[in-house]
Structures are given as structure tokens and as C-alpha cells.
Amino acid sequence: MATPTHCVMNGGTMQNGTAAVVDTAPPQRNFLDGEEFRRQGHQVIEFIAEYYGRIGDYPVNPRVTPGFLRNRLPADPPSRPEPDAFSSALEDIRDVILPGMTHWQSPRHLAHFPASSSTVGALGEALAAGINVVPFTWAASPAATELEMVVVDWLGKALHLPESLLFAGGGGGTLLGTSCEAILCAVAAARDQKLAEVGGKRIGDLVVYCSDQTHFAFRKAARIAGIQREHCREIATCHDDMFAMSPTELQACIQADVDAGLVPLFLCATVGTTQTTAVDPIGKLCAVASKHGVWVHVDAAYAGSALVCPEFGDVMEGVELVDSFSMNAHKWLLANNDCCAMWVKEPRALVAALGTEQEYILRDAASEGHEVVDYKDWTMTLTRRFRALKLWLVLRCYGTDGLREHIRSHVRMAEGLETMVRADARFEVVTTRRFALVCFRLRPLQSIGGEKTANDINRALLEQVNAVSLGPYVSSAKVGGMYLLRCAVGSTLTEERHVKDAWRVVQDQASAILAKMERLYKDLLQLPYPSY
């Protein structure tokens, strides 16, 4: 019986009585083609360089409404790329996306603590993305793990941290995404350590402490870690103490919880609060916490970068007593998002809470018999980014002297702004300037309602300042019942002229508001009283 032939529908032809199989699938594409990477990489570098060259042409905060971008983009992804899709996408980024962005690198961005950028930081990100390793264990990428260990000790020494927090002194550090992650890791470590002492069934009795100025990330971390909402104590602060946490009030609060049969667990102190850069007295707070076995964490997300300058050492008095410390190098230390450094005095507490059983696939003969750091056991995630490469490049290429000058230049500009505010009798500086944030407001005037109208007037001032085309972008805070304006100097591109220009805009808008309010109150005073 003859061997049957097979019909091929896709254009196959018969060869020696057998159908020739024709492969109609497109050739496999190389998604890491070196030449394509080089060509498109050059396009990206040119695009970013051009963006920084014309960033001043954009309003810092876009004038858009929700849905503006979703309405302009297709609802479905393309099934096949258009010709030269990458170049077309870059055009859309320039023409469609950038006009709707808040430009955090703008020299006129004074609203928030900075998301500092640098050439080396950006290129370090590109290198890490291109190499694209996943250093969850030492074996998964030995050089990445050991570079991270080296660089966190480098940074800790640059910030003048105590040796007890460094690998060199028996502690250790890691690089995470944000302070939110660092705080959660610290709370989890403290929780498990405490429950090992008092019993796991008492998790509902654990209490954590912060001030009313502490970043909301702490309360969120406590909830995730299983702390009841009603067991997060906020210590009230006041203007007389420049909104720093009171050790006396903390002691009273903890003692009340102990008397009620609860278990004090964790204190989050802050160096440089978000609203006003208040500095909690670390040493005095640690003295209170130690009496009750409370874990003390210091959140220095913003102001931690300033510690490269020895003149800020006073804010760290007592730091050798803390259990953990974190700061965001991406905020003010040129490391680009994201790069949070966290140090702990006892790394084994982190590993006990967050460590995993070593799967066979993660084991490596080279590490057997050695004490190695597996960073998967220091945080919640298994997958990690190679952040150490970027930070190592920043420290190596700019040096600690360069980083100090970067910080000091912004502090000098903030000092200049503070001087200008104080020179205008209509304004007052509300809180002591510690770093590069100036908090101020228009003084309450009896002629236009005094303290009753002060908050509304300052709120209107903020709105009008931010509405000025190509003007500064500033923010607000409300502390001690006072609505105030915040100007945070910190963008890498900000120069003295930008700060002076911003202050002129504030003064001009204040003059317009005050003139309008005075006319309004004058007219009201001239109205006849109603008869009853």
C-alpha cells in the first residue's frame, strides 16, 4: 500500500510524492538586538537631554482634568507595531504625555520634597535595567548582593551613622523602594520579636506610637502588620516645641497603656517631618522607649540626605540608641527614584520575621558553609532591583564632598528665601527652618478679619501663586490650626534666580489679594446695620 500523501494548504508543493512543509511563521525577532538597542538608546538619550533643555517651557503643574489622556489614547493595544513604532511613541510622549505631567525636575518645582535626579543617577538606572538581574539571594547574583552590602556601609559612613547600624559594626543595611517599605519591615521585625516574648495570642494588645506630624505611611504600615487601628497612638505636638514629639507626653501615653494591660511595641520618630521638617528629640525619646522595651525606628526620608553635612549632626543626638533607621537617597541625594536605604542594629530580627525556608532551587554550593546575606529575607518581596549599582555610581562619581555641596547649595537658597520672607512685614516665618524648607504665611491683619480670615487668605494666596503661567509650584500645610505655604528648595536644576522669581510672584499675588480684601472689608464696614 502506497504511503499516503498529505495536502499542505499554505502554498506547499509536492516533492517526490510528499508534501513539502512550508513554515509560514514570521522569523523569530531578537528583542535584545545590539544594533537596535544602540539606535533606540541614542534616541532616548537625545530625548531626555532635550527635555531637560526645555523643561522651563512647561507649567510645573499641568492644567488638565481627569480623563484627558485616556480619551486621547486607543482603548485597545495594537496587534502589530506601526512602522518605526519607537520613534512614533517618543513623539507621543513629547506631544501628548509630557504636557500632562507634573514636572518634578523643573527648577520651579518647590511644592514637595525633591525627587532629585542626576546624570549619573539616571544612567545608573539605565545600566541596572539593561543588566537586569534579580538579586534575591547571594547565589542569584553574588556581585549585586555584595555591592549592596558595601554601598550601604559607604552611605552610612557618609551620613555619620553609628557603626552599630553598619555591617562593619554587626548591624547591616539594605536598599528598598521607599520609606513605606522600610517602616513596614521594621514594624514586622519588632512585632515578631515582641510576640516571641509575650506570646503570639497577644498580637491584639500591641500598641505603636508616633506624633501627629508622623507621615501617614507609619499608620498604614502598622495596619498591614496587624496592629489594630485604635492601638496607634498619636502624640500631640505644639508650635512652642516646633511640632516635635514630646518625651514627657510619650512617657505618659506609654504608661497609660501599660496600666491598661497593653503591650507597647514600636515608636516611629522623625527627623524632618513632611509638613514642617520638625525634628523629634531622638535621644530623649529612646530613653523613654527603652524602659518599656519599645523598638525605636527613625524615619529620615527627606532630611537624612542632609546628614552628609556635619553641621546637621545635632539633629541625630542619641541615634546610637535606635533599632533601625531609614532615609530616601532618591529624595535629595541625586540617586533618582527609587532608592531608600534602611539600616538595622540586629539584622537577625528582620530575617526572623521576613525570612523564608530556603527552597532547593535557591541553594548554591558556593555559598554552603558561609554566612551570606540573602536579601529576600530582609524585606517582603522576592524580586528585587539592582539599586546598589546606581547608588554606588553616584557615590563614586560625585564623592561625599560633591554631595555636601549639593545639599549646602539648596540650604543657602532656602536661607535666602527665609531672609526675603522676614524682610516683608506682611509675612511671617511660621516654623524654624532646619533644612531647605521654608514655611510661611501672610500675617493675620485685624483690618481684614484677623486670625478668623487668615487661613482663607493664605489658601487663596496659594491658589493664585500656583495659577500663574510658568510661575512656581508651591504647596501648603496646616499645623497648629494655621494654614501655611511651603517652599521646598531641592530640584537639581533650581538656581537662586528661580527662588527670587518665585518670591516675587508670591509678593505680587499677596498684594493683589490684600488690596481686594481691604476694599471688601471697607465696603462692609460702610453698610448700615440691619434694624430688628
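## Strand pairing around S9

Two strands count as paired if DSSP finds at least two bridges between them. The model described here is predicted.

Strand S9 covers residues 340-344. Strand S3 (residues 172-176) pairs with S9 in the antiparallel sense, over 5 bridges. Strand S8 (residues 324-328) also pairs with S9 in the antiparallel sense over 5 bridges. Cys340 of S9 takes part in both pairings: Cys340 is the bridge partner of Leu176, and Cys340 is the bridge partner of Asn328.

## How S9 is enclosed

Buried means under 20% relative accessible area. Because 5 of the 5 residues of strand S9 are buried, the strand is largely enclosed by the rest of the structure.

## The nonpolar cores

In soluble globular proteins, nonpolar side chains tend to be buried together. The largest nonpolar core in this model has 107 residues. Among these, Val271, Phe325, Met327, Trp343 and Phe435 touch the most other members. Helix H11 (residues 387-423) gives the most to this core, with 13 residues.

A disulfide is a covalent bond between the sulfur atoms of two cysteines. How many disulfides does the structure hold? The number is 0.

Cys185 counts as buried because its relative accessibility is 0%. For Cys397, the closest cysteine sulfur is in Cys339, at 15 Å, which is also too far for a bond. Cys397 counts as partly exposed because its relative accessibility is 47%.

## A nonpolar patch on the surface

Nonpolar residues also occur on the surface, where Ile48, Tyr52 and Leu493 form a patch. Together these three have about 230 Å² of accessible area.

Where does Ile48 lie in the fold? Ile48 belongs to helix H1, which covers residues 34-53. With 38% relative accessibility, Ile48 counts as partly exposed.

Note on methods:
Residues are numbered from 1 along each chain as its sequence is written. This is a predicted model: local features need pLDDT of at least 70, side-chain atom pairs count only at pLDDT 80 or more; totals for chains, interfaces and linings use all residues. Side-chain values use heavy atoms; hydrogens and water are left out. Patches are made of residues with over 30% relative accessible area and no salt bridge: like charges are joined within 9 Å, nonpolar side chains (Val, Leu, Ile, Met, Phe, Trp, Tyr) within 5 Å. Accessible areas come from the Shrake-Rupley method with a 1.4 Å probe; for residues, only the protein chains shown count as cover. A salt bridge is a side-chain nitrogen of Lys or Arg within 4 Å of a carboxyl oxygen of Asp or Glu. Helices (H or I, at least four residues) and strands (E, at least two) are DSSP runs, numbered from the N terminus. Buried means under 20% relative accessible area, exposed over 50%, partly exposed in between (1.4 Å probe, protein chains only). A disulfide is a pair of cysteine sulfur atoms within 2.5 Å. A nonpolar core is a set of buried Ala, Val, Leu, Ile, Met, Phe, Trp, Tyr and Cys residues joined through side-chain atoms within 4.5 Å.
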